[in-house]
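Reader: I am new to this structure. Please show me how to read its features.

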Amino acid sequence: MTTWKRTIALGTMTFGTSVDGPGSFAVLDRFAELGGTVLDTADNYAFWAEGATGDESETVVGDWLASRGQRDSMVIGTKGGARPTVPGTGLETAEGLSAAALTAAAEGNLRRLRTDHIDVYWTHIEDPAVSAEETVGALASLVDSGKAVALGASNHSVWRVERARALAGDGPRYTHLQYRDSYLQPRSDVALPVAGQRHVTPELREYIRSEGDLTLWVYSSLLSGGYTRTDVELPAVYDHPGTPPRLAVLREVADELEATVNQVVLAWLLDRDPPTLPIVGASRTAQVEEAMGALELRLSEAQRERLERAGG
């Protein structure tokens, strides 16, 4: 396992769309003040919002980095491959993972982020239409040219990750993986809320443990407020008999620790085996403060065992 500092990444998906520029800057400022150093974005956030193009998140992050002089203080993770090439369409016209597409995508990433390198460059989706050899070669070129430092795969099947890493040999290869995960676990017979998402599985965890050089990032850690907000309904994928007892134990542990439920979820993720880097989206500074507070929280072995066993 790559030895990264136990930390939380700030998800910036809504910056420049549902969270305006000043609001985004306020969240980023507070994140930095609290010691946050990892930002997660993409070249297609949030193209689905009314009037958006996909430029918005990276542009806001780039403007903030430049205006605050924070580039050297931040680890920037961004993605290519899933930006629609036809305005008004979705992933059916995604740019994909060809050499030409990745080269062009990276130039756009760098321009919007106002930087000369990306710390972790992610292939956002799979692209079965392009050979793994071509994608691996294109990613290696980004690293060799200094435009990317490390490489990551988001929402890829384990076998595709393994194949790409094998093809890379001693050259640049995926060392970061990004999937959906939270304390509540999904049903296997119901689709995840968003097309293309993949959930962390026992197979994936076993693979990461066996490899020794992979860092796991997870998104949707707090289920978009589903743990705490009465106006947010949990997705159908979590509607099964194991959820109520799991929620009950989660609340018990939060009370014992005088912490919030969200903080316990994050603490549980941070110290899993293998360790996890949760990505937390925020639209207000209070949400950043709550999330970063989870870094001070440590679950006892007994509490972790109760959380693990709840719900069968």
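Predicted model: local features only at pLDDT ≥ 70, side-chain atom pairs only at ≥ 80, totals over all residues.

Reader: How do I read a nonpolar core, and which residues touch the most other members of the largest one?

Author: In soluble globular proteins, nonpolar side chains tend to be buried together. A nonpolar core is a set of buried Ala, Val, Leu, Ile, Met, Phe, Trp, Tyr and Cys residues joined through side-chain atoms within 4.5 Å. Buried means under 20% relative accessible area, exposed over 50%, and partly exposed in between (1.4 Å probe, protein chains only). Here the largest core has 77 residues, and Leu39 and Tyr121 touch the most other members. Helix α8 (residues 261-270) gives the largest share of this core, 8 residues. Helices (H or I, at least four residues) and strands (E, at least two) are DSSP runs, numbered from the N terminus. Apart from this core lies another, of 9 residues, including Val38 and Tyr219.

Reader: What does Leu39 touch, leaving out residues up to four places away in sequence?

Author: Contact means heavy atoms within 4.5 Å. The partners of Leu39 include Leu10, Phe31, Trp64 and Ile76.

Reader: Now the backbone. Which peptide bonds are cis?

Author: Most residues other than glycine have a negative phi, and most peptide bonds are trans. The bond from Tyr45 to Ala46 is cis, with omega near -15°. Ala46 sits in the loop between β2 (38-40) and α2 (56-68). Asp273 and Pro274 are also joined by a cis bond, with omega about 0°. Pro274 is in the loop between α8 and β8 (276-281).

Reader: Where does Asn155 lie, and is Asn155 buried or exposed?

Author: Asn155 lies in the loop between β5 (148-154) and α5 (158-168). Its phi is positive, near 60°. Asn155 is buried, because its relative accessible area is 9%.

Reader: What about Ser220?

Author: Ser220 has a positive phi too, near 55°. Its loop runs between β7 (215-219) and α7 (243-257). Ser220 counts as partly exposed, because its relative accessibility is 22%.

Reader: Why does Thr12 count as buried?

Author: Thr12 is buried because its relative accessible area is 0%. Thr12 is found in the loop between β1 (9-11) and α1 (21-33). Leaving out residues up to four places away in sequence, Thr12 touches Asp40, Thr41, Ser57 and Val61.

Notes: Residues numbered from 1 in each chain as written. Heavy atoms only, no water.
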